[in-house]
Each structure stands twice: as C-alpha cells, then as structure tokens.
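Please examine the sequence and the model shown here before reading the report.

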Amino acid sequence: MRLLVTGGAGFIGANFVRQTLAERPDTTVTVLDALTYAGNRASLAPVADRIDFVHGDIADLDLVDELVSGVDAVVHFAAESHNDNSLADPWPFVQTNIVGTYSLLQAVRRHDVRYHHVSTDEVYGDLTPEAAAFDETTAYNPSSPYSATKASSDLLVRAWTRSFGVRSTISNCSNNYGPYQHVEKFIPRQITNLIDGVRPRLYGAGHQVRDWIHVDDHNRAVLDILDRGRIGQTYLIGADGELDNKSVVRLILEAFDRDPDDFDHVTDRAGHDQRYAIDASLLRSELGWTPRYSDFRSGLAATIEWYRDNESWWRPHKALTERAYADAGETEISTTH
Ligand code: NAD
Ligand code: DAU
C-alpha cells in the first residue's frame, strides 16, 4: 500500500505515520506538509529515513496532482485546527480547509485514488447536557470559523463522492490527547504551564464538556476505515471519554501533586461550544473497533510523562504561544461557580 498522508508533521498525522509504519512495515508513506507553525519535522524523526517528506501546500493543484498519481490512497489530516486561531483570523482556515480539500478531491477524482477524509465532531455544533450523543445522522450545525470550514470540506467530499464517484470515507472524531500535540491546545498547555510553575488557565467557568480519546485509538480507527470502511460512509470516532474542562484541569493538577483549586479562570472563548459527545456504535459494530486506552487517567499520566521527557520538542513554541494568548486579550476573570 502506497499512502499519501497530508499534515503528517502535525499532532495526529505524525502519530498516524509512526503507528502505521510500526504496525505495517510494508506500507510506503509520502508526507505532504506545509510546515505551518503547527507542523514539526521533529515529530517524524523516528521514521525520517522510512518516509518521503514533501514540504508543500495541499492547495497547490499541480503538486498534489503529481503526488496523488503515485499512490493507492490519500489520508487527509492537513488543516488549520485551532478554534482560537480561527476566531482571530479565519482566512487561513478557508484557504487550507476548504480550498486545500478541493485540490485533493480533484486529484483523487482524476486518478481514481481511494481517499479518507479526517474530520471532527465539531461539524455538528454542540449539545445540551442531557442531549443524546452525535451520530452519523446528526445535522451539521458548526459554531466557529474552524468548524464551519471543516463542515464545508466534509460537504465537498460528499458531493465529489456522489457526483464524480470518488471512493471516499469520512471520519468525525472527538478531542484527541497524547504525545506531540501543540502547546496551544488545552491539555498540553496546562501540562507545560505546570512544568514552568504557571497556573493552568481555564476558559470561563470550565463547565464545557469534551469527549476525550487517545490519538492512537483515533488512528487505529482511521486504519480500520481505510481497510474495511464502506465507500461513501461517514464513521464517528469516540471512546466514551466525556469530562468537563474543570475536571481535566484538576486531574492534571493531581498528577503534579498540586492543590485541585490551583488554577485561574480566564476570558471565555467567543461562541464556546458547550458539549461534544460521540456515539461510535457504527464503528464498533461494523468494523469491530474498540479503544485500547479505556482509562483517561493513565493515558493522561503517560502524556504528562511524555511532555516532561520531551521538553526540547515543545519548548521552542511555548513563549510564542503564550504571547499570542495574551495579545488576544486573555485575562484572569472571577467566577462564582
Ligand atoms: P495540527 O494543527 O496539529 O496539524 C496540522 C498539520 O497540517 C500541520 O503539520 C500543518 O503544518 C499542516 N498543514 C496546515 N496547513 C497546510 C497546508 N495548507 N498544506 C499542507 N499542510 C498543512 O492538527 P491535528 O490536531 O493533528 O489535526 C489533524 C486533523 O484532525 C485535522 O483535519 C483536524 O480537523 C482533525 N481533528 C483533530 C482533532 C483533535 O482533537 N486535534 C479531533 C478530530 C479531528
Ligand atoms: O472535538 C474535536 C476538536 O477538538 C478538533 O476538531 C480541534 O482540532 C481540536 O483543537 C479540539 O477543539 P477544542 O476547541 O475542543 O480543543 P482545545 O484544546 O482548544 O480546547 C478544549 C477545551 O478546553 C475547550 O472547551 C476550550 C478549553 N480551554 C482551552 C484552552 C487552550 C481552556 O479552558 N483553556 C485553555 O487554555
């Protein structure tokens, strides 16, 4: 199998490439990545001599066409992925997530190459505390520029599949955690703050709920879908890991032997989604997928250990990331609950 992996220098893509080569040594992998602020070649260092790395943009039609013509399948991870950045400047999200996906779809259409599209549960908007979890039939209702552009890209995939016969599958996954995640994201930000002796930063009251899944479980599901998924089908990926943000911060503080209230409430995110939750029944029943990381606490402990052991990987990005949050106006707030 010859795979083109877009965004393979990012968090989930790099974990996917390393995992795929470890479990399927016969696979040939080409990574296409623009190395934006979120891409890091160091994440691929352990497999550097086993992949072809192409530094380029998924919106470059000629480059994408040439690369797609030489592979059996494309797994498309590349994206602008951070909600807060999309609120500060939506344009790169439109360009990469929508135009970039268009470019890949035109190439897989022309060369009749199998295509897997990696998407997010955020396309469905958010849930009230008592609502049933998202499933494959939930209507799209995105809230942020990030999730709106991901929803747009999903719809392009569905149209290219129906109208042009593109052999595609889509997966919509919940919040990932694990090694090699950029320090702008919630869990790595709090871990690296605590390593630096800085208090964790909780948006608003911290009652929002996310459905956490270990990145390796997400990527195993992607491989299962690539192998045995039905063409034209969407699969939701989630590991029944619902937790509110305050509880996550408290678990991280506990792992650092710190007082559970040793965090700051800061300015809330505009349009902040309240709750995500995934019903992954279809993936489990049809493809036999089950998560291997069923205990969030131990997955979190391993992730904390990874950040402690790999300071050289994240340190160059920490100060800049924190400055961006400060420049965006993040300030401490008081809350009564
Ligand atoms: P990330 O931001 O860590 O990595 C994105 C990668 O894409 C980076 O390596 C970046 O350099 C690359 N990239 C960005 N623009 C590009 C372009 N124009 N051309 C080529 N490469 C480009 O993102 P992530 O968290 O690893 O997310 C990967 C995918 O998974 C995204 O599509 C995201 O929407 C989806 N997803 C993420 C999560 C999560 O919890 N992180 C959950 C569900 C789905
Ligand atoms: O649900 C899947 C999505 O999960 C992916 O599509 C996105 O690419 C990924 O970034 C993630 O989106 P979120 O916005 O949920 O993740 P983030 O890590 O930014 O924030 C998680 C929660 O924590 C969210 O409710 C906001 C909150 N938060 C975040 C940061 C950075 C804080 O309370 N404090 C923080 O410092």
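Predicted model: local features only at pLDDT ≥ 70, side-chain atom pairs only at ≥ 80, totals over all residues.

Residues are numbered from 1 along each chain as its sequence is written, chains are lettered from A and ligands numbered from 1 in the order in which they are written, and side-chain values use heavy atoms, with hydrogens and water left out.

**Ligand site**

Around ligand 1 there are 28 residues, of which Ile12, Asp33, Ser81, Tyr146 and Lys150 come nearest; a residue is near if one of its heavy atoms lies within 4 Å of the molecule. Polar contacts, meaning pairs of N or O atoms within 3.5 Å, include those in the table.

| Residue | Protein atom | Distance to an oxygen atom of ligand 1 |
|---|---|---|
| Asp33 | side-chain N or O | 2.6 Å |
| Leu35 | backbone N or O | 3.5 Å |
| Tyr146 | side-chain N or O | 2.6 Å |

On its own, ligand 1 has 840 Å² of accessible area, and the protein covers 96% of this (Shrake-Rupley method, 1.4 Å probe). The shell around the ligand divides into 13 nonpolar, 12 polar and 3 charged residues; Ala, Val, Leu, Ile, Met, Phe, Trp, Tyr, Cys and Pro count as nonpolar, Asp, Glu, Lys and Arg as charged, and the others, Gly among them, as polar. Helix 1 (11-23), strand 5 (114-120) and helix 5 (145-164) each supply at least two shell residues, and strand 5 gives the largest share, with 3 residues. Helices (H or I, at least four residues) and strands (E, at least two) are DSSP runs, numbered from the N terminus.

**Helix 5**

Gly165, which follows helix 5, has a positive phi near 75°.

**Loop residues**

Asp112, in the loop between helix 4 and strand 5, is not a glycine, yet its phi is positive, about 50°. Asp240 also has a positive phi, near 55°, and is placed in the loop between strand 11 (234-237) and strand 12 (242-244). Asp240 counts as exposed because its relative accessibility is 60%.

How values were computed
Polar contact = N/O pair within 3.5 Å; in protein donor to acceptor, adjacent residues only side chain to side chain. Buried < 20%, exposed > 50% of the residue type's maximum accessible area, 1.4 Å probe, protein only.
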